[in-house]
Amino acid sequence: MKELTLAQIAEACGGTLIGGNEAKEYTVTGVEIDSRRVKTGDLFVAIPGEKVDGHKFIPDVLKKGAYALSQQSLDVDGAYILVEDTVTAMKRLARFYRSTLDVKVVGITGSVGKTSTKEMIASVLDTKFRVHKTQGNFNNGIGLPLTIFQIEKEHQVAVLEMGISEFGEMHELADMAQPDIMVITNIGLCHLENLKTRDGILKAKTESFAHLKPDGVVILNGDDDKLSTVEQVAGRKPVFYGIKGRNLCETSVCADAVTEHGLEGMTAEFHTPQGDMEVFIPIPGEHNVYNALAATCVAEQLGLSMDEIKCGIAAASTISGRTNLIHTKGMTVIDDCYNANPVSMKASLDVLSKAGGRKIAVLGDMGELGEDEKQLHYEVGTYAGTLPIDLLFCVGTLSGKLAEGAKKQNPALTVKHYATREEMTEELLATVKEGDTVLVKASHFMEFPKVVAALTEA
């Protein structure tokens with residue numbers, strides 16, 4: 001983080017600096033919400049949580065030579081800033097800090113594929129720039145400001161993931177990020193409990209457009225039936241990407257001649273304003289063609305050459321929980337269990353279907369799907385029944401409908417349903433053998449990383 005004085009921070013977040021006149025020139029070199037990570041010179045943001053109130057740790061962090069952002073008046077030795085609400089103040093500070101940076105910001109949102117697209121874009125941009133990107137799942141109203149505070153003076157581009165579940169949230173996130181480029185991957189079936197319909201999701205995601213830089217660029221998946229209806233943003237036509245022959249609107253960058261190489265990845269021909277190029281995408285699944293196309297669009301906006309783009313795509317890799325291939329005990333485990341929705345579940349099943357050997361799908365409940373949740377699970381099961389999968393293990397109440405759909409679609413498919421993850425894991429471990437490929441996927445609350453750990457532990 002670039003240094004800021006406590007006086008600058010107090011003004012930016014609308015707070016009152018407590019600690020005397022000399023405290024105005026004290027400098028802050030980092031922002032933390034976890035007191036255990038606080039270092040000398042950091043600003044600790046005390047957040048009242050459901051279980052623990054961060055204010056109780058303020059005396060300890062002040063002893064470390066740090067400062068605090070507090071919504072409580074304190075009797076302490078040290079400097080702190082008093083505000084009405086610490087989370088709101090942190091967001092205001094993040095917006096101010098972003099405004100001080102000479103950095104291009106690429107914002108990424110969408111129902112599915114935000115993280116994998118973020119990783120692909122960062123991999124491509126790394127070939128030319130010093131890039132900062134969102135780590136882990138720091139993409140919400142608390143995680144995004146912390147990510148922004150980690151942007152250093154030497155960074156040239158920041159790739160920021162933005163995740164929402166309600167109307168209005170994107171306004172807050174994009175107001176902090178102030179993107180130069182905004183990428184939307186798709187409009188799917190996530191967070192229907194709050195956003196109700198895909199049109200509601202489109203409305204919520206496109207709130208980001210109101211906070212683009214004056215010369216900002218919007219990059220959209222032109223094969224998405226909702227995104228393809230966006231004709232102009234602030235008087236400018238969006239940049240669209242898609243697979244040739246499928247796009248519902250005129251695309252700026254498209255792919256064809258997609259050739260799959262099992263779990264080793266794909267090759268494809270990309271057609272861009274710079275020219276045509278054959279690319280190798282080292283991650284399986286057609287959705288990764290779209291991720292690479294989005295990265296190509298961003299890279300062209302920032303002046304990368306075709307060779308730089310090709311090298312960046314070829315160097316892309318996955319992270320834990322997102323189509324991460326783990327080779328263990330003679331098996332391949334597809335760790336895709338960070339989260340799940342109907343679109344991503346079907347995409348992961350497609351990846352599994354390309355594997356050699358025996359193919360086993362381990363699927364759990366998907367959350368936040370609204371009143372149609374049972375039907376959506378049933379439809380995923382029906383889709384699984386159309387694929388060359390050998391075994392289907394389902395866990396959870398809703399996944400009973402998934403199992404029902406699969407069995408009705410393909411009576412020959414071996415389908416097993418369990419009430420608990422523990423019960424399923426015990427039988428799964430007794431079933432798997434060398435040569436198997438096992439897909440593990442469910443929404444985060446199902447705690448399926450524990451299934452991956454059971455399969456891979458020595």
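Reader: Is threonine 425 buried or exposed?
Author: In this predicted model, threonine 425 is buried because its relative accessible area is 12%. Buried means under 20% relative accessible area, exposed means over 50%, and partly exposed lies in between, with a 1.4 Å probe and protein chains only.

Reader: Where does threonine 425 have its place, and what is it in contact with?
Author: Threonine 425 sits in helix α14, residues 421-431. Helices (H or I, at least four residues) and strands (E, at least two) are DSSP runs, numbered from the N terminus. Leaving aside neighbours within four places in sequence, threonine 425 is in contact with Val451 and Ala454, where contact means heavy atoms within 4.5 Å.

Reader: How are the residues numbered, and what are the limits of the model?
Author: Residues are numbered from 1 along each chain as its sequence is written, and side-chain values use heavy atoms, with hydrogens and water left out. The model is predicted, so to speak of local features requires pLDDT of at least 70, side-chain atom pairs count only at pLDDT 80 or more, and totals for chains, interfaces and linings use all residues.

Reader: Now to strand β19. How many of its residues are buried?
Author: Six of the six residues of β19 (residues 359-364) are buried, so the strand is largely enclosed by the rest of the structure.

Reader: Which residues are on each side?
Author: Lys359, Ala361 and Leu363 are on one side of β19, and Ile360, Val362 and Gly364 are on the other. In a regular strand the side chains alternate between the two faces of the sheet.

Reader: Which strands pair with β19?
Author: β19 pairs in the parallel sense with β22 (residues 437-441) over five bridges, and five bridges also join β19 to the parallel strand β20, residues 391-395. Two strands pair if DSSP finds at least two bridges between them. Isoleucine 360 stands opposite valine 438 in β22, while leucine 363 has cysteine 394 in β20 as its bridge partner.

Reader: A change of topic: what is the order of the strands in the open sheet of nine?
Author: The order is β9-β10-β8-β11-β12-β13-β14-β15-β16, with mixed pairing. The edge strands, each pairing on one side only, are β9 (131-133) and β16 (275-281).

Reader: How do β15 and β16 pair?
Author: Strand β15 (residues 266-272) pairs with β16 in the antiparallel sense over seven bridges. Histidine 271 stands opposite aspartate 276 in β16.

Reader: What about the second largest pocket: what is its volume?
Author: The volume is about 220 Å³. On a 1 Å grid over the protein atoms alone, a pocket is an open set of points where a 1.4 Å probe fits, with protein on both sides within 12 Å along at least five of seven lines; lining residues have an atom within 4 Å of a point. Grid points are joined across faces, edges and corners, and a volume is the space filled by probe spheres set on the points.

Reader: Which residues lie nearest the centre of that pocket?
Author: Of the 15 lining residues, Val31, Glu32, Arg37, Leu146 and Gln150 lie nearest the centre. The largest share of the lining, three residues, comes from β4.

Reader: Is valine 31 buried or exposed?
Author: Valine 31, which lies in strand β4, counts as buried at 9% relative accessibility. Not counting residues up to four places away in sequence, valine 31 touches Met1, Leu43, Val45, Leu146 and Phe149.
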